[in-house]
Amino acid sequence: MEIGICSFSFHRLLAAGKQDMLRYIDDCKTLGCTQLDPWNAHLADVKKGDDVLFAGGNPDKSEYLSAADEGYIETVKAHAQAAGLPFGCIAVDGAHIYEADPDKLRANRGRAYRWIEIAAKLGAKQVRIDSGGPQEMGGASYEEIKAGYRDVISVAKAANVEVLVENHWGPTVVPENCLKLLDDIEGLGLLLDCHNFLPERRDDGRRLCASRARAIHLKTFEFDADGNEISDEKAEEALNILKNSGYNGIWGVESVPKDGDEIKGARETIALIRKIAG
């Protein structure tokens, strides 16, 4: 079974200065992961913890998450190789495809190219780049989203990197919009977050999109003493839907523990995945 932890699962540790990218690699090794799935804040030159917390809650306003320098990227690559862990998907905030402001759009596209370059240097298989745009997807904004993804996919393909869209914010919180993007844009894959649809469409989204997933993020929030996820997330149900759909990709953790113990939350989520989907 292939397991990775999106490093957003450790965003509070990162903000508190108790984890960096190198420690994330070590923690993934200890927790039994088979690949690394960093959120780009772990690879960015973040100056203060509040920036991390802001980025976590505002993915549409994360333009300051610029990549660290080349020397640090090489250090990270060497550390991962020593740990025996390849890179899977880099979740990129601050490079979404649609922006109404032309200057912001050009800056976003440059960041997308840069993160694709970093993914290639690290040997990562995938990058997640959000669509951006209004929740009501259509018209001129949708044409720009399609054209933008086709541009980014062409650059990524040349670097042997797959581009994924995630149901994250904007139009992708609606399941049918995710399917439309996948149907209309050749080469675009889906990172299925089991939580991030509109609340009233979450169950529909899981069922409709499970068979299209190229990677997943399983959200968890709270466990009991027996290892059962006891929030209203219905994480076990999400795992069963994916398993029954024939999903055979990486089982990705994105735990957000209510008690704040991020290492324990990731460990409990991995145990749940092994129990239900293993």
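Helices (H or I, at least four residues) and strands (E, at least two) are DSSP runs, numbered from the N terminus. The structure is a predicted model, in which local features need pLDDT of at least 70, side-chain atom pairs count only at pLDDT 80 or more, and totals for chains, interfaces and linings use all residues. Residues are numbered from 1 along each chain as its sequence is written, and side-chain values use heavy atoms, with hydrogens and water left out.

Helix H8 (residues 202-209) is described first. Arg202, Gly205, Arg206 and Cys209 of H8 are buried, where buried means under 20% relative accessible area, exposed over 50% and partly exposed in between (1.4 Å probe, protein chains only). These residues cover an arc of only 100° around the axis, and therefore lie on the same side of H8; the arc is that of the directions from the helix axis to the C-beta atoms. The cover over the buried residues of H8 includes helix H7 (175-184), strand S5 (188-193), strand S6 (213-220) and H9, contact being defined as heavy atoms within 4.5 Å.

H8 packs against helix H9 (residues 235-244) at an angle of about 20°, with the two axes 9 Å apart. Axes are lines fitted to C-alpha atoms, for helices over the stretch in contact, and angles run from 0 to 180 degrees between N-to-C directions. H8 and H9 are therefore roughly parallel to each other (angles under 35 degrees count as roughly parallel, over 145 as roughly antiparallel, 65 to 115 as roughly perpendicular and the rest as oblique). The crossing of H8 past H9 is right-handed; a crossing is left-handed if the near helix is turned anticlockwise from the far one by less than a right angle, and right-handed if clockwise. Asp203, Arg206 and Arg207 of H8 meet Glu237, Ala238 and Ile241 of H9. By class, this contact of H8 with H9 has 2 nonpolar, no polar and 4 charged residues (Ala, Val, Leu, Ile, Met, Phe, Trp, Tyr, Cys and Pro count as nonpolar, Asp, Glu, Lys and Arg as charged, and the others, Gly among them, as polar).

Between S6 and H9 runs a loop that holds Lys234. Although Lys234 is not a glycine, its phi is positive, at about 55°. Lys234 counts as partly exposed, at 32% relative accessibility.

H7 also packs with H6, at an angle of about 50° and with axes 11 Å apart; H6 and H7 are therefore oblique to each other. H6 passes H7 in a right-handed crossing. The contact involves Tyr142, Ile145, Lys146 and Arg150 of H6 together with Lys180, Leu181 and Asp184 of H7, and has 3 nonpolar, no polar and 4 charged residues. Asn160 lies in the loop between helix H6 (139-158) and strand S4 (162-166). Asn160 has a positive phi of about 65° without being a glycine, and counts as exposed at 67% relative accessibility.

A further helix pair is formed by H2 and helix H4 (residues 70-83), which pack at an angle of about 15° with axes 10 Å apart. The contact is made by Met21, Leu22, Ile25, Asp26 and Lys29 of H2 and Tyr72, Thr75, Val76, His79, Ala80 and Ala83 of H4; these residues divide into 7 nonpolar, 2 polar and 2 charged. In the loop between helix H1 (11-15) and helix H2 (21-31) lies Asp20, which is partly exposed, with a relative accessible area of 37%. Not counting residues up to four places away in sequence, Asp20 touches Leu14, His42 and Tyr72.
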